[in-house]
Amino acid sequence: MLQLSQILLPVDHHENDLRMAVAKLLRVRDDDLLSLKVKQRAIDARRGHVEFSFTVLAEVQDEAKVLRRLGKNPHVAPAPDETYRQIAENVTRSQPMRPVIVGTGPCGLFCGLLLARAGLKPLLLERGKAAGDRARDVTGFWRRGWDFNAESNVQFGEGGAGTFSDGKLYTQIRDREHRIPWLLREMVAAGAPEDILIKSRPHIGTDRLIKVVRHVREEIISLGGEVRFGARVADVVIEDGVMRAVVLADGETIEGSRFIFGVGHSSRDTFEMLHRHGVPFEAKPFSIGVRIEHPQKLIDKTLYGKWAGHERLGSAPYKFVAHCGTGRAAYSFCMCPGGLVVAATSEPGMVVTNGMSSYARAEANANSGFMVDVRPEDMPAGDVLSGIEFQRQIERRAFELGGGDYRAPAQLLGDLLAGRASTGPGKVLPSYQPGVVWTDLRECLPEYTIETIQEAIPRIERSLPGFALEDAVLTGVETRSSAPIRIPRDAQTFECVSVKHFYPAGEGAGYAGGIISAAADGMRVAEAILR
């Protein structure tokens, strides 16, 4: 099998054009092209026009002869072996007790799936609700504004925080073990659209992701595992440097052989509890900012030109990074084409925003986090958890500015640049529910954040014309792009460096930054336990 890359075709190409292009590149007759499979399809809009770039796998007659004829063509090579080598199933159990996994986000679910397939029958504990019940709680809160549930929200519940997002299934982590292709195939088997296997930037959307996480949970249970909802871990039992048990909020003590904590970046009470037990933490950089909304048609026109709105392209995404004279960087985070800005707090009396898209990405606005970096040296010295309190202070102030009823503070981009408060919307209507209050975001964000955003706007405008739209809406605050802490762990065993049988994992522990990277980290931990 050969792998061919960077095969460019126009947006309106015909079905047989790809096969013709492959035969031309390989300099073979059509009859000699035995099979053809698309491995990846990307949209290339970098050079002022839009086209598709394909990577394909091709089987040809006399492959060695074809390679000799082509010489050193950088776009043709033997297809690499990208098989994920699973740990053997049905491993011998050396412990009488089962492993316990705290959290059913992608980290916990895929860790649990590997352990269950190996015969270890894990117990998964989730503080929130199952995906369907959780979705009803979340949408009810968005509609009504007052019906907030601290244990069932955008952050907590089956599927983790990624359940209410754009459902992006790509990452920048290195993947020498080929876990990512395996994960995507598992998601398709669980009900995800098949196109995630070939898109260079696949996404699943909230509406499809709920089905996938439910399917994974059901397989874990069918293999002898157990999943319990409404089971918040309030304490742990650590004896002689070994984690022996977890204690639930209702007082039940649960012993286990191993304890995997994939609790997500918003489990602040869990971090504080572990810190009280002497679990080591490190402060790490994180980011804060706002959600920015533009008309999706404006973004489409800017990026796709005459092809804007073409059914093969869908809603256009963007990405930016601007390094500013403030010494900080502003960047886009979790960009949601055709999406909504949503209420994402996990604690009462606070306002947090996030972005969400369905699989269709069909809403009127595009939104993304407009983030500015925060460093450990910005925090008070000597308190490794001070980043958490810093986030809380900003979220409380946003709650107050929004009127104390979970509406969010918002400002027009033109007003932010001019240094004045906004008094109402322009042509872009904010999508945030339960609603916004027009104000000045300088009242809830640090000065360096505002100054960096202001400086970044003209720089972004040069590469993304239209971004500096005066009526673009800024909704505050976005504070949960990542946890401000990391729990150190051994590079080989993945155990906490000072507590045996305790495995910090995923976003909350500081080892992931999205659905796929969190799932892959859960797999790494499961593999280490099985070894």
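This is a predicted model: local features need pLDDT of at least 70, side-chain atom pairs count only at pLDDT 80 or more; totals for chains, interfaces and linings use all residues.
## Rings, charges and a buried threonine

Thr 104 touches Leu 109, Leu 124, Glu 126, Gly 157, Glu 158, Gly 159, Gly 160, Val 227 and Phe 229, leaving aside residues up to four places away in sequence. Look for Thr 104 in the loop between strand 5 (100-102) and helix 3 (106-117). Is Thr 104 buried or exposed? With a relative accessible area of 1%, Thr 104 is buried, because buried means under 20%. Among the residues that Thr 104 touches is Glu 126, and the side chains of these two are joined by a polar contact of 2.7 Å.

Next, let's turn to the aromatic rings. How many aromatic pairs does the structure hold? There are 16 of them. In one, Tyr 318 and Phe 320 have ring centres 6.0 Å apart and planes at 15°, so this pair is stacked. Planes under 30 degrees apart count as stacked, while those over 60 count as edge-to-face. Phe 320 also forms an edge-to-face pair with Phe 467, with 5.2 Å from centre to centre and 70° between the planes.

| Residue | Relative accessibility | Class |
|---|---|---|
| Tyr 318 | 8% | buried |
| Phe 320 | 5% | buried |
| Phe 467 | 1% | buried |

Now follow the chain to helix 4, which covers residues 131-144. Its 14 residues reach 20 Å from the first C-alpha to the last, close to the 20 Å expected at 1.5 Å a residue. Which residues of helix 4 are buried? They are Ala 131, Arg 134, Ala 135, Val 138, Gly 140, Phe 141 and Trp 142. Their cover includes helix 6 (205-222), strand 16 (340-343) and strand 17 (353-356). Phe 141 also belongs to an aromatic cluster, together with Phe 148, Phe 399 and Tyr 406.

Just after helix 4 comes Gly 145, with a positive phi of about 85°. Elsewhere, Arg 489 lies over the face of Tyr 511, at 3.8 Å from the centre of the ring.

How values were computed: Residues are numbered from 1 along each chain as its sequence is written. Side-chain values use heavy atoms; hydrogens and water are left out. Rings of Phe, Tyr and Trp (its six-membered ring) pair if their centres lie within 6.5 Å; planes under 30 degrees apart count as stacked, over 60 as edge-to-face and the rest as tilted. Buried means under 20% relative accessible area, exposed over 50%, partly exposed in between (1.4 Å probe, protein chains only). A charge sits over a ring if NZ of Lys or CZ of Arg is within 6 Å of the ring centre and within 35 degrees of the ring normal. Helices (H or I, at least four residues) and strands (E, at least two) are DSSP runs, numbered from the N terminus. A polar contact is a pair of N or O atoms within 3.5 Å; within protein, one must be able to donate a hydrogen and the other to accept it, and residues adjacent in sequence count only if both atoms are side-chain atoms. Contact means heavy atoms within 4.5 Å. The expected span of a helix is 1.5 Å times one less than its number of residues.
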